[in-house]
Amino acid sequence: MATQHYQAPPLPINVPSKAPAPVNLYPISRVSGSPPDVSDTSTTAGSRTSAGFSYGSGSISGDYESSSASYSGVDVVDVLSDRMQNVFDPTPLDKGLARQAQASGQLNAKQRELLELQALAQRRLKGVRANFSDGIKVARETKRDLEWTQKRVSALKAKAEAVHPDEYRRATKKYTYDDDY
């Protein structure tokens with residue numbers, strides 16, 4: 001007679017809520033024992049064993065036998081870990097991590113670019129300040145030279161007027177200019 005194998009669907013796992021709980025409310029420990037037997041109506045006889053779980057005949061309503069004798073050295077954390085590995089698809093998480101790494105790399109590149117541009121702006125500012133201070137020095141020297149020239153011209157004008165008053169008056173009538181400029 002041919003043996004028919006059936007893989008039972010995974011059973012739901014009760015997960016505690018995310019609400020803060022006292023530290024000792026959910027202790028993590030190794031429990032010596034196996035999970036209770038769950039019956040499946042699609043099985044006709046005997047029991048099936050898959051990943052450490054024993055499924056027997058009965059109803060699918062989730063009735064659990066509360067026999068402490070059925071816990072025979074099964075590590076609950078390992079069993080739950082195996083179940084999570086079979087159910088959990090890490091692809092979206094991997095894609096998210098890749099996007100995060102790319103975004104982080106782009107942010108780091110922009111940060112370095114900003115620092116380089118800031119350093120360039122500071123170097124240019126130093127150059128502009130040096131040019132400005134040189135321009136101020138040249139402007140002051142030019143102002144001093146113009147003041148000296150103005151004093152010299154005024155002195156020559158006064159001397160010419162005192163030495164040659166008639167010629168000075170004729171020249172001023174012929175060549176008039178405003179002193180305001």
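Here is a short chat about a predicted model of a single chain.

Me: Hi! What secondary structure elements are in the chain, and how many?
Reply: Hello! There are three strands and three helices.

Me: Which pattern do they follow along the sequence?
Reply: The pattern reads β-β-β-α-α-α.

Me: Good to know. What share of the residues is buried?
Reply: Buried residues account for 8% of the 181 in the chain.

Me: And what does the accessible surface come to?
Reply: The total is about 15,900 Å², and carbon and sulfur atoms supply 57% of that.

Me: Switching to contacts: of those between residues at least 6 apart in sequence, what fraction joins residues at least 24 apart?
Reply: For the chain, that fraction is 57%.

Me: Back to the surface. Which residues form a nonpolar patch there?
Reply: The patch consists of Met84, Phe88, Leu93 and Leu97. Together they have about 400 Å² of accessible area.

Me: Where does Phe88 lie?
Reply: Phe88 is in the loop between α1, which covers 76-87, and α2, which covers 91-163.

Me: Nice. Now charges: how many salt bridges does a search of the whole structure find?
Reply: The search turns up two.

Me: Let's take Lys110. Which residue does it form a salt bridge with?
Reply: Its partner is Glu113, and the closest N and O atoms are 3.8 Å apart. Both residues lie in helix α2, three residues apart, which is about one turn of the helix.

Me: How exposed is Glu113?
Reply: Glu113 is partly exposed, with a relative accessible area of 38%.

Me: And what does Asp166 pair with?
Reply: Asp166 forms a salt bridge with Arg169, where the closest N and O atoms are 2.7 Å apart.

Me: Where do Asp166 and Arg169 sit?
Reply: They are both in helix α3, residues 165-174. Three residues separate them in numbering, about one turn of the helix.

Me: What are the relative accessible areas for that pair, Asp166 and Arg169?
Reply: Asp166 has 46%, and Arg169 has 45%. Asp166 is partly exposed, and Arg169 is partly exposed too.

Note on methods:
Residues are numbered from 1 along each chain as its sequence is written. This is a predicted model: local features need pLDDT of at least 70, side-chain atom pairs count only at pLDDT 80 or more; totals for chains, interfaces and linings use all residues. Side-chain values use heavy atoms; hydrogens and water are left out. Helices (H or I, at least four residues) and strands (E, at least two) are DSSP runs, numbered from the N terminus. Buried means under 20% relative accessible area, exposed over 50%, partly exposed in between (1.4 Å probe, protein chains only). Contact means heavy atoms within 4.5 Å. Accessible areas come from the Shrake-Rupley method with a 1.4 Å probe; for residues, only the protein chains shown count as cover. Patches are made of residues with over 30% relative accessible area and no salt bridge: like charges are joined within 9 Å, nonpolar side chains (Val, Leu, Ile, Met, Phe, Trp, Tyr) within 5 Å. A salt bridge is a side-chain nitrogen of Lys or Arg within 4 Å of a carboxyl oxygen of Asp or Glu.
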